[in-house]
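Hi everyone, thanks for coming. I'd like to walk you through one chain today, starting with its overall layout and then stopping at a few residues along the way. Have a look at the picture first.

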Amino acid sequence: MTKIELQENQHSLEINNKEYPIAKRTGELEKRLIAEYDTVLHDLTEYERYKTLITLLLGESAYIELFPLGESENLNKMAQIAYHAQKEFNADYEELEKQKMKEQGANVLKDIDLITKKFDSLSNSVDKIISKSEIIKTANHKKK
């Protein structure tokens, strides 16, 4: 039986000594990300991509506070915040994926160990057959 203790982690970014909460991963937000970001990504300017992502993940008020100059803002600054906001947004999911990969890796290692043991056993059997064959061959050679 697997025991699960569900906990909701609240992720945030600290930017210039101020903490900004990251939106929770919900089906509703996922739909908005797809509609407002993923599906139109190729039609958006770099500025629009960052603005959309930051607004969805940190909120409109955080965006206005962080980028009061709008389109005159430094895109590198926007890129940095968008990247880290997205990273924090996906942190719990990424951790779960790492855990799954670790468990899958452990299962593969167990399988490899089992196969190695079977090959060792087979190798020992082959060695015994070869050894018996050499004894018989030597015995037959002495008879001649």
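Before we start, one definition: helices (H or I, at least four residues) and strands (E, at least two) are DSSP runs, numbered from the N terminus. Please keep in mind that this is a predicted model, where local features need pLDDT of at least 70, side-chain atom pairs count only at pLDDT 80 or more, and totals for chains, interfaces and linings use all residues. Residues are numbered from 1 along each chain as its sequence is written, and side-chain values use heavy atoms, with hydrogens and water left out.

Let's begin with the whole chain. It has five helices and two strands, and from the N terminus on the elements run β-β-α-α-α-α-α. The radius of gyration is 30 Å, well over the 15 Å that the globule rule gives for 144 residues, so the chain is more spread out than a compact globule. That radius is taken over C-alpha atoms, and the globule rule is 2.2 Å times the number of residues to the power 0.38. Along the principal axes, the C-alpha atoms fill a box of roughly 100 × 40 × 30 Å.

How much of the chain is buried? Buried residues make up 20% of the 144. Here, buried means under 20% relative accessible area, exposed means over 50%, and partly exposed is in between (1.4 Å probe, protein chains only). Among contacts between residues at least 6 apart in sequence, 57% join residues at least 24 apart.

Now to the strands. Ser12 lies in strand S1 and is partly exposed, at 24% relative accessibility. Which side chain does Ser12 join through a polar contact of 2.9 Å? It is the side chain of Glu19. A polar contact is a pair of N or O atoms within 3.5 Å; within protein, one must be able to donate a hydrogen and the other to accept it, and residues adjacent in sequence count only if both atoms are side-chain atoms. Leaving aside neighbours within four places in sequence, Ser12 is in contact with Glu19, Tyr20, Pro21, Ile22 and Glu88. The C-alpha atoms of Ser12 and Phe89 are separated by 8.4 Å, although these residues are 77 apart along the chain.

Next, the loop between strand S1 (12-15) and strand S2 (18-21), where we find Asn16. Asn17 lies in that loop between S1 and S2 too. Most residues other than glycine have a negative phi. Yet Asn16 has a positive phi of about 50 degrees, and Asn17 has a positive phi of about 65 degrees. Are they buried or exposed? Asn16 is exposed, with a relative accessible area of 72%, and Asn17 counts as exposed at 74%.

Moving along, Glu73 sits in the loop between helix H3 (60-66) and helix H4 (75-89). At 10% relative accessibility, Glu73 counts as buried. Its side chain reaches the backbone nitrogen of Leu69 at 2.9 Å. Beyond its neighbours within four places in sequence, Glu73 is in contact with Leu66, Phe67, Pro68 and Met78.

My last stop is Leu96, in helix H5 (residues 91-143). Leu96 is partly exposed, with a relative accessible area of 43%. Its C-alpha atom is separated by 26 Å from that of Thr55, 41 residues away along the chain.

That's my tour, and I'm happy to go back to any of these places.

Definitions and conventions
Contact means heavy atoms within 4.5 Å.
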